[in-house]
Amino acid sequence: MGAGDRSGYQTLLRLLNEEMCLTVFPEGSRTKDGRLLPLQAGVGRAAVATGARVVPVSLLGLSQCWPRGQTLPRLFRPIVIKFHPPLGGEKIGDKGLAREAAAQLTASLERRLNRSLGAWNRIRNRPNKRH
């Protein structure tokens with residue numbers, strides 16, 4: 001769902017209101033270098049508007065395994081999938097409070113994903129010590 005994609009956002013809201021479980025990539029695009037791109041506001045807004053819980057998932061190593069623009073993945077590259085504790089779950093009707101809660105949820109989501117990515121990079125970049 002790109003910036004300004006109203007129909008995509010409306011579909012997201014409809015499905016969340018129907019209590020569907022969805023996968024949404026809050027960056028809006030794949031990274032070229034493995035760094036987390038700025039998160040778009042739609043995930044936080046939708047969670048607060050519907051009361052849906054957000055389960056952050058870190059997909060680590062994907063940019064090395066299947067770089068953007070490459071047709072097929074590279075074989076034998078490690079990938080780690082980390083599920084974080086859920087966020088949100090409270091529907092907020094007041095527009096001012098909802099805007100603030102959505103921004104806080106997005107910021108919390110970004111912190112969790114960046115912390116996980118930082119740990120992944122530290123592990124990948126440490127010297128290989130053999131005894």
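Mentor: Let's take a few of those words in turn. This is a predicted model, so local features need pLDDT of at least 70, side-chain atom pairs count only at pLDDT 80 or more, and totals for chains, interfaces and linings use all residues. Residues are numbered from 1 along each chain as its sequence is written, and side-chain values use heavy atoms, leaving out hydrogens and water.

Trainee: Why is R115 called exposed?

Mentor: Exposed means over 50% relative accessible area, buried under 20%, and partly exposed in between (1.4 Å probe, protein chains only). R115 has 56%, so R115 counts as exposed.

Trainee: And what makes a nonpolar core?

Mentor: It's a set of buried Ala, Val, Leu, Ile, Met, Phe, Trp, Tyr and Cys residues joined through side-chain atoms within 4.5 Å. The largest one here has eight residues: L39, V43, A47, V54, L87, L105, L109 and L113. Its largest share, three residues, comes from α4. Helices are DSSP runs (H or I, at least four residues), numbered from the N terminus.

Trainee: Which residues does L105 touch, leaving aside neighbours within four places in sequence?

Mentor: L105 is in contact (heavy atoms within 4.5 Å) with G44, A47, V54, L87 and G88.

Trainee: What describes two packed helices?

Mentor: The angle between their axes and the distance between the axes. For α1 (residues 6-17) and α2, that's about 40° and 10 Å. Axes are lines fitted to C-alpha atoms over the stretch in contact, with angles from 0 to 180 degrees between N-to-C directions.

How values were computed
Helices (H or I, at least four residues) and strands (E, at least two) are DSSP runs, numbered from the N terminus.
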